[in-house]
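Please take a look at the model below before reading on. The notes after it are grouped by topic.

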Amino acid sequence: MSESLPDRSPRSRSATPRKRSRRKRSTDGGPIPVLPIRDQVYYPYGMISILVGRERSIRAVEAAWEADRRIALLTQRAVSTDEPKAEDLYAVGIIAEVMQMLRIPDGTLRVIAAGTHRIHAISFADVNEYLTARVCTADDIPADEIEAEGLARGVRTQFDHVVHAGRSIAPEALVSVASITDPSALAYSILSHLSHLPVDVRQELLEIDNAGERLERLLRLLRRESDIIDVQRQIRARVEKEIGDNQREMILREQMKAIQDELRQRDDRSGETDDYRQTIETCGMPLQASERALKEVDRLERTPFGSPEGAVIRSYLDWLIALPWSVSSEDRIVIAEAAAILEEEHHGLQKAKDRILEYLAVRQLARGALKSPILCFTGPPGVGKTSIGKSIAKALGRKFARVSLGGIRDEAEIRGHRRTYVGALPGRIMQGIRHAGVRNPVFMLDEVDKLGMDFRGDPSSALLEALDPEQNGEFSDHYIELPFDLRDVMFIATANLLDPIPPALRDRMEVIPFAGYTEEEKRTIAQRFLWPKQMVENGIANEPFTVDDAATTRMISEYTREAGVRALEREIASVCRKVARAVAEGRPGPSALTVDDVPGYLGRGRYRHEAASERDEVGAATGLVFTEVGGDIVTVEVSLIDGNEPRLTLTGQLGEVMRESAQAALTCIRSRAHSLGIDPTFDGRLDVHVHVPSGGIPKDGPSAGITIATALASAATGRPVSSSVAMTGEVTLRGRILPVGGVREKILGAHRAGIRRIILPAENLRDVDDVPDNVRSEIVCEYVEHLDEALAHALAPPSSSVSPPRT
C-alpha cells in the first residue's frame, strides 16, 4: 500500500519568498526503485559514485539494474535512521541512470550513476523489501536572460576566489565550470563541489524551482564562504606571527627529524626493490614473466611511500616470485614399486590401478614427451576416490594438491580476481600450485559435479582451459595475467555422479568408474586398514584385542548400507571407543570381538537384506535391483482376480518407467497366451494385480520387465517360479530381452542373498567380467535373448503346475 509523503523540506533562509514550480510532468506511469542517501545531496547533470551497503538499498539498485536502470536518489532527513521510510525522506531528489555496478568482496556495491533531472516524489510503496515511488519531473522555471548572465558571472567570480583561497577544492573544477552556460547546470556543477555545506542547505538549493533564484541564493552562499576563508587567513597569519623563537625552533627541529626519517625510509625502499630484482633474476621465471615483474618493481619505486597502490604491487610481486615457474619434482618411475604402493594402501580398485600403471609405463618409454592425463574418478561416497589420489602422488614421487569445488559459484574462484578489486587473489588452481611448490603436482579437483552457476559466471566453463591438454600450456589467471604451463600437472577430478557435469567438461576427462565394494572386499579393507587405524587412534593398539571375520561381516550386513566404507569405519570406531573406556576405567576389557558380541556394542541391527525364498511359488518372481548403496533382490508378486472387465493394478510406489514395463509385460504375456497354455478367460475377465513389497521405498527403472513378465506367466499358467533363480532385463512387446545396467552390483546383491542362478540379457555377457572371480565361480548365469528362453529357465515344467492363485 502506498502512502503520500508530506512536504517537510527545509524552507529558504532568505527573506525572499520561495516560488514553487507548477511545471511538473509525469516521468513514468509505474513506480521506480528509491535509493535513500545518507548525509549527502546529489544534483543532476553529473556523474555520481555511491557505496551501497544496506540490504534494502542493494535490492533497490539490483531492481533498477534489471529494469531500465533508473533509480530515484532521495536524501534522508536524519543520518542516524538505518531503515528509512517514506516520512524519513525529502520529497525532492533526482533521477539517476545506473551506469555500472560493482560488487565488492565485503558485500557492498559500488554504483556509478549519471544524474539526469530533478524529480518530486508523489507517493511511496514498500514492495519486495525495498522502497519504490511514483515521481514527476520538476522542471526549472527559466530566469530572465540578462539577470541570469549577471548572476552567473558573479557566481563564477566568487567560486574562483573560493577555489584559490580555500585550497580545499581542486583547481580543475574551474575548468569544468567555465564552459557551462545553462544557469541550472552551472548551479548544480558548483554545488557538487561544495560538499562541506550542511545537508539541509544543499537540499534547500535543490528544491528551489526558479533557476535565477537558485543562482542568487548560491551567490550569497559563495560570498559568505569567501568571507569565512578571508577571516581564517587573517587568524592564521596573526597566530603565526605570535609564535615565539623557541616555538619556531622546535617546529624546525621536528621538520628536520621528519626529513631525516623520510630519507631513511627511501633508503629502505631502495633495498627492498633491489631484493625484488635479485630474486626475480634467480627464481627461474620465463622471459615474459620476468619482464613484467621488473616493470612492477619500477612502478613500486615511483609509488609514494605509504600509498595503497604500493601494497597491491608488493602482493603481486610476492605471488609472481612464489610461483614454481621452473621447479619440478622428478618422477620416480619404477613400475613394480608403484604397483606395490597402490596395492599396499588400497584394496580393490583394479581399473584405477591399472590405468595409473599404464600411464607410468608409457611415460617411462616416452621420455617425458607424454601429456598428463585428465582422470575423473566417479562413484558413490566412501569408495576411496580421494585417498587413491594421494597414493598416486606417492607412487609417482610427486607433491599432492587438493581443491574442493563443491558449492563454488564464482568463476573468479577458478581463474582469480582482477587486480582492480580490493583483496584480489589468484584462483584456486594457482593457489594450489603455489602451495605444492612444484609445477607438476598431482592436483585433485574434488566434487567437480557440485559446481554451481549464477550471475557471477560459470566455474565449470572456467575449468575447460585448465583441463584441456591442448590449451593448458598457456593457462592465464586473471590475477597473475601471465601464461603458466599446466601440461605437466596431473589433474584428477572426483564426482559422485556424471550427469551434473557439463558435456564439454566431461569430454576433456577420462572417466574411471569406482563401483561399490563387495562384502568380501569390505571385510578385507576392515581387517587390513580400518581396525588397525581405529585401534591406534583410540589408544588400544597395544591391547590384546582381536576381531573375528564373522563379527566384521555382521557389522557390514546389519549395521551399514553403503557402497563405500565410511559408515563401517564409524561403527568400528564406536566399538574401539567402548573398549578404550573399559580399559581406562580399569575394568577387564574383552580380548576378542565375536559375532555374538556385536549387538552388545552397537545395539540391534539397523538394516536387513532380502533373502531368497526357500520354496518355489506361483505368481512370485525374484528380480535384481541396483541402488545407490549397491545391489539387492526384490520379489514381484502377481494375483489374478475375477472381475467384469480386465484391469491392471500396480502397487508398491512404482515409478512411471516401471509402470510402463508392467503394462508391456502384461501385453506380451496376453499375446502369447496360446503358446503358454493359459486359460482363455485370462484375456477376457481377470483383473491383474502386480505388487512389489517395501512400498515405502520408491522404485523405478526398466530392468524389472522380465521379472514382472515371469510372475505374470507363472500366475496365469499355475507353474511355480524356481526360488533359486533371480533375473533382470527389459522386455519388449515382442518378447525380446534388452540389456540393462548395474550388472556387477546386481550379481553381488544376488550372491549375498543366496541366489545361485541368474537370468541375464545376452548382451550383458561382457559386463560379467567385472564380477570378482570368487563370486562368479559360485553363480550360474543364463543368458537369454527372448522371453521364452527366460520362462524355460525360471518356470517349473508344465506337469508340476498348480491352480493359478485367484480371488
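What follows is a short briefing on selected local features.

This is a predicted model. The structure holds 4 cavities of 30 Å³ or more. Helix α24 is largely enclosed by the rest of the structure. Strand β6 pairs with β5 and with β7.

- Strand β5 covers residues 70-75, and β6 covers residues 92-103.
- These two strands run antiparallel and are joined by 4 bridges.
- On this side of β6, E97 stands opposite R70.
- Strand β7 spans residues 109-127 and also runs antiparallel to β6.
- Between β6 and β7 there are 11 bridges.
- One of the paired positions is I94, whose bridge partner in β7 is R118.
- β6 and β7 form a hairpin with 5 residues between the strands.
- In that hairpin, G107 takes a positive phi near 100°.
- In a regular strand, side chains alternate between the two faces of the sheet.

**The second largest cavity**

- This cavity holds about 90 Å³ of space.
- Its lining consists of V34, P36, R54, R56, S57, D82, E83, P84, Y130 and L131.
- By class, the lining of the second largest cavity has 5 nonpolar residues, 4 charged ones and 1 polar one.

**Helix α24**

- Helix α24 runs over residues 743-752.
- Of its 10 residues, 8 are buried, so the helix is largely enclosed by the rest of the structure.
- The buried set is V743, R744, E745, K746, I747, L748, G749 and A750.
- Charged side chains belong to this set too, namely those of R744, E745 and K746.
- Just after α24, G754 takes a positive phi of about 95°.
- An α-helix has 3.6 residues a turn, so residues three or four places apart point the same way.

- I540 sits in the loop between α17 (519-537) and β16 (546-547).
- Is I540 buried or exposed? Its relative accessible area is 1%. The cut-off for buried is under 20%, so I540 counts as buried.
- Leaving out residues up to four places away in sequence, I540 touches M535, C576, V579 and A580.
- I540 and A580 are 40 residues apart in sequence. In space, their C-alpha atoms are 6.2 Å apart.

Notes. Residues numbered from 1 in each chain as written. Predicted model: local features only at pLDDT ≥ 70, side-chain atom pairs only at ≥ 80, totals over all residues. Heavy atoms only, no water. Buried < 20%, exposed > 50% of the residue type's maximum accessible area, 1.4 Å probe, protein only. Pairing = 2+ DSSP bridges. 1 Å grid on protein atoms, 1.4 Å probe; cavity = no way out; pocket = protein on both sides within 12 Å on 5 of 7 lines; lining within 4 Å. Points joined across faces, edges and corners; volume = space filled by probe spheres on them. Contact = heavy atoms within 4.5 Å.
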